[in-house]
Amino acid sequence: MNSLPIPPRTNSPRAPTANSGLAVLMARIVDGDALAFAQLVRALEGSGLRLADRTLADRAGAEDVVQVALTRMWTMAARFDPARGSVEGWFRRIVVNLCLDRRRSIRLVAPLEAADHVASSAPDPFEAAVENDRRARLDAAMARLAPRQRAALAMFHGEGLSMAEIAEAMEATPKAVEGLLGRARMELRNLIESDDAT
Amino acid sequence: MTNERALEIIAGHGACEARWPDAERAAVLALAGSDAVVAAALVAAQRLDAVLNSWVHDVPQRSFDAAAIIAAAAAVAPVAAVPPVLQPSVAAPRRRPARPAMAMRRWLAGGAVAVAAVLGVAVLGPGARMPVAAPVAVAAMSATVAAATPVAVPPVVLAAVDSPAGIAISTNTGLAGDAATRLAVAEGDAMGSDAEVFAHVFTPTVYEDELI
């Protein structure tokens, strides 16, 4: 049976020590501790940037989202309640909401046909062109998914999060996330197959 | 484990059994070994997993400047301007202290309407209990208007006034301090005309509704 590796995760929210450590940092941030905030930024920026980048497919937009999300972690630190969830879960929820808001105002335009004209600047032109072509077709297909589907795929396949963790970030139930992922995967497969057929 | 549930799990979680729900993993695996449809779905999910694994390539990282973020946050005027996000129930309800002049107008207006209502009931309704209920209500309202401050009416007085004077009960229970807070919260920043004040003063609570 298949045994694909689970993607590695940094700053795993499942690790209680790391999680409680971030909660302690949040308590210090409430008191205006800039050093604690710097530590929190180091702990969250990587996962936040990956999630935003994969959800938006826009590097500059992803950096903006993480910047705003981190700013909110500083300005709204007093509103964090450890009894209601983890620091990472709260941060992810802010990032996802910001991404979805951004996607509502900026519609990605990445037609599949555009992938036919991808040039390569890599040293090995043929292999790089093939890889670029495959990559561009996949990115174009991903861009056609709904933003929530893309965010869920980014968290499940990119960050290796559980259904419960994704549900917390997306303000949904684990069952709803399972359905969301199922529809996203089915739609992606259809897009790829229709692209292959043409 | 039904065929449909196994297909749901594979569709949502993919082909990697380590990601399946712990309680259902063994059953899905068993079904995949005996059901051709489930087995085919598993093979298709493996291909899609490979595609998705290639999609989640490494994202170039960037270090964000915590000091710059703090400085930028300080430069942006009030923190309250930031839209509320997440853990919404943590936020304290907004309360605006009532201005003395507004409070006086509110109680005067309330008292006038209460008196009118009680007199109306006394004239139109069955008269047996009105002689008892109306004076109690009027007396309580008069005292309140004179004092111009919220004064709690003794429970025994309220108990003596029964349903025919329901409107009076409604206004009387609004004398307590918690009711003033309730009004202030309800008004928020939107307190405007006298009509709005009336609407707020005479919007009964659930408790008052039951009494009425």
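Predicted model: local features only at pLDDT ≥ 70, side-chain atom pairs only at ≥ 80, totals over all residues.
**Entry 1. Chain A overall**

I began with the secondary structure. Chain A has 8 helices and 0 strands. Along the sequence I read the pattern α-α-α-α-α-α-α-α. I then looked up burial. Of the 198 residues of chain A, 40% count as buried. Next I checked the contacts between residues at least 6 apart in sequence. In chain A, 67% of these join residues at least 24 apart.

**Entry 2. The nonpolar cores**

Which residues have the most contacts inside the largest nonpolar core? I found Val95(A), Ala152(A) and Ile166(A), in a core of 56 residues. Helix α2(A) gives the largest share of this core, 9 residues. I also noted a second, separate core of 14 residues. Trp20(B), Leu31(B), Ala32(B) and Leu42(B) are among its members.

I went back to Val95(A) and listed what it touches, leaving out residues up to four places away in sequence. The list is Gly48(A), Leu51(A), Ala52(A), Val65(A), Val66(A) and Ala69(A).

**Entry 3. Asp64(A)**

I looked up Asp64(A) and found it in helix α3 of chain A. Is Asp64(A) exposed, partly exposed or buried? It counts as partly exposed, because I find 15 C-beta neighbours inside 10 Å.

**Entry 4. Helix α8(A)**

I took the length of α8(A) next. It has 24 residues and reaches 34 Å from its first C-alpha to its last. That is close to the 34 Å expected at 1.5 Å a residue.

Which residues of α8(A) are buried? I listed Val177(A), Glu178(A), Leu180(A), Leu181(A), Gly182(A), Ala184(A), Arg185(A) and Leu188(A). Their cover includes α5, α6 and α7 of chain A. It also includes α1 and α3 of chain B.

**Entry 5. α7(A) against α8(A)**

I looked at how these two helices pack. The angle is about 95°, and the axes are 8 Å apart. So α7(A) is roughly perpendicular to α8(A). From α7(A), the contact takes Met163(A), Ala164(A), Ile166(A), Ala167(A) and Met170(A). From α8(A), it takes Pro174(A), Val177(A) and Glu178(A). I sorted this contact by class and got 7 nonpolar, no polar and 1 charged.

**Entry 6. α8(A) against α1(B)**

I then crossed to chain B. The axes of α8(A) and α1(B), residues 3-13, come within 7 Å and cross at roughly 70°. Therefore α8(A) is roughly perpendicular to α1(B). On the α8(A) side I found Glu178(A), Gly179(A), Leu181(A), Gly182(A), Arg185(A) and Met186(A). They meet Glu8(B), Ala11(B) and Gly12(B) in α1(B). By class, this contact has 3 nonpolar, 3 polar and 3 charged residues.

**Entry 7. The whole contact between the chains**

How many residues does each chain give to the contact? I read 47 residues from chain A and 36 residues from chain B. On the side of chain A, the elements giving two or more residues are α2, α3, α4, α5, α6 and α8. Helix α2(A) supplies the largest share of that side, 10 residues. The side of chain A that touches chain B has 23 nonpolar, 11 polar and 13 charged residues.

Terms used: Residues numbered from 1 in each chain as written. Chains lettered and ligands numbered in written order. Contact = placed C-beta atoms within 7 Å. Helix = DSSP H or I, 4+ residues; strand = E, 2+ residues; numbered from the N terminus. Nonpolar A, V, L, I, M, F, W, Y, C, P; charged D, E, K, R; others polar. Axes fitted to C-alpha atoms, helices over the stretch in contact; angles between N-to-C directions. Parallel < 35°, antiparallel > 145°, perpendicular 65-115°, else oblique. Buried ≥ 20, exposed ≤ 12 C-beta atoms within 10 Å, placed from the backbone. Expected span 1.5 Å × (residues − 1). Core = buried A, V, L, I, M, F, W, Y, C linked by C-beta atoms within 7 Å.
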